[in-house]
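Subject: Structure handover

Dear colleague,

Here is the structure I said I would pass on. My notes follow below it.

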Amino acid sequence: MPSTEPPSVPPANVLPKVAAIRAADGERLRSVHLPGMTLTVRSRRPAREGLPPALYVHGLGGSSQNWSALMPLLDGVVQSEALDLPGFGDSPPPDDGDYSITGHARAVVRHLDASGRGPVHLFGNSLGGAVVTRVAAARPDLVRTLTLVSPALPEIRVQRSAVPTGLLAVPGVAALFTRLTREWTAEQRVRGVRALCYGDPERVSEEGFRNAVEEMERRLQLPYFWDAMARSARGIVNAYTLGGQHALWRQAERVLAPTLLVYGGRDQLVAYRMAQRAARAFRDSRLLTLPDAGHVAMMEYPEAVATAFRELLADTADTTDTVGTGKPVGDERTDGAVDGEPANQTTGG
């Protein structure tokens, strides 16, 4: 249900101009206008014609840049696109202010339906892992394979190091945190994020650190930055409380696509112990565990993730061309929106 509150940020067409977002060598950025939202899409030129398409979806507070280390390693295997979810990266907020898991999944589905690129090899990290799990369960026709890097699936015992991120979901906490950290520099913020997300923060190169600081400075100029963070965090928490057919673990069991699961032994946000539960839940799964990786293995160990994905393709060569031919299942409207979740609880502030 759309929020009845007045918009908390100005319309996208009157947002302030900020520095241009960075594109790595071989990448290009474009804006895609869809009903109710505009998405920034990062893509690479395929090594040759006829390669199957892939789509990458980032986590909370991330952007399509999170996949820039992995995508070139798969240039000869897939046609790569990574999107900025609404309110993140260079994508403005969605018109309806819906940052729920279903709202983000709706953005992915609308992009795939509008582009006609499906079925795709679908990747997701953290929040993006929960989003693409919901997409794969509701729209098997859009998914060839599923690769999940530390997916944000419900945990009964959440790690203590993940609690501060979860607290962003509490109304007012994001505003309080903004006030308390007003004097923090972008460099201090990046060091904190790096320590939380990486198994070994020293693996980040000096250039990578400088680029991250530059991106943080850009984001902090956006008036909707903390709103998008808080509402998306609330979307994760709300999704964890859903039961029945809308429960994320139940939807994981409905996924038909061959699935690669990647978990880091030093992940401070998604518990390493969840790897075995995920391997049992996804019916056709392979598990890659990286003992020294943190929450963003595709950034820390992109070669290992790329190798595992290539092996997934080799193992499923006879099935991936047919798995994406199924019709939509569950609660899918013909306009491409993933629906059926109870009235949206994430747009109220």
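Leu312 is buried, with a relative accessible area of 1% (buried means under 20%, exposed over 50% and partly exposed in between, with a 1.4 Å probe and protein chains only). This residue lies in helix H11; helices (DSSP runs of H or I, at least four residues) and strands (runs of E, at least two) are numbered from the N terminus. Leaving aside neighbours within four places in sequence, Leu312 is in contact with Thr145, Thr147, Pro258, Thr259, Leu260 and Arg286, where contact means heavy atoms within 4.5 Å. Pro258 is 54 residues away from Leu312 along the chain, and their C-alpha atoms are separated by 7.8 Å.

Before the rest, the basis: this is a predicted model, in which local features need pLDDT of at least 70 and side-chain atom pairs count only at pLDDT 80 or more, while totals for chains, interfaces and linings use all residues. Residues are numbered from 1 along each chain as its sequence is written, and side-chain values use heavy atoms, with hydrogens and water left out.

The sheet

The sheet is open and has eight strands in the order S1-S2-S4-S3-S5-S6-S7-S8, with mixed pairing; two strands pair if DSSP finds at least two bridges between them. Its edge strands are S1 (27–34) and S8 (285–290), each of which pairs on one side only. From one strand to the next the twist averages 20°. S1 pairs with S2 (residues 37–44) in the antiparallel sense over eight bridges, and Val32 stands opposite Leu39 in S2.

H2 touches S3 (53–57), S5 (120–125) and S6 (143–149), and its direction makes about 145° with that of S5. H11 (residues 302–315) touches S5, S6, S7 (259–264) and S8, and its direction makes about 165° with that of S8. Axes are lines fitted to C-alpha atoms, for helices over the stretch in contact, and angles run from 0 to 180 degrees between N-to-C directions.

The loop between S5 and H2

Ser126 is found in this loop and is buried, with a relative accessible area of 10%. Apart from neighbours within four places in sequence, Ser126 is in contact with Gly59, Val149, Ser150, Pro151, Ala152 and His295.

Helix pairs

The axes of H1 (residues 101–115) and H2 (residues 127–138) come within 9 Å and cross at roughly 65°. H1 and H2 are therefore roughly perpendicular to each other (65 to 115 degrees; under 35 counts as roughly parallel, over 145 as roughly antiparallel and the rest as oblique). Their crossing is right-handed, that is, the near helix is turned clockwise from the far one by less than a right angle. Ile101, Thr102, His104, Ala105, Val108 and Val109 in H1 meet Leu127, Ala130, Val131, Arg134 and Val135 in H2. By class, this contact has eight nonpolar, two polar and one charged residues; Ala, Val, Leu, Ile, Met, Phe, Trp, Tyr, Cys and Pro count as nonpolar, Asp, Glu, Lys and Arg as charged, and the others, Gly among them, as polar.

H5 (residues 186–197) and H6 (residues 206–220) pack at an angle of about 115°, with their axes 9 Å apart. H5 and H6 are therefore also roughly perpendicular to each other, and the crossing is right-handed. H5 contributes Ala186, Glu187, Arg189, Val190, Arg191 and Arg194 to the contact, and H6 contributes Phe209, Ala212, Val213, Met216, Glu217 and Leu220. The residues of this contact divide into seven nonpolar, no polar and five charged.

Regards
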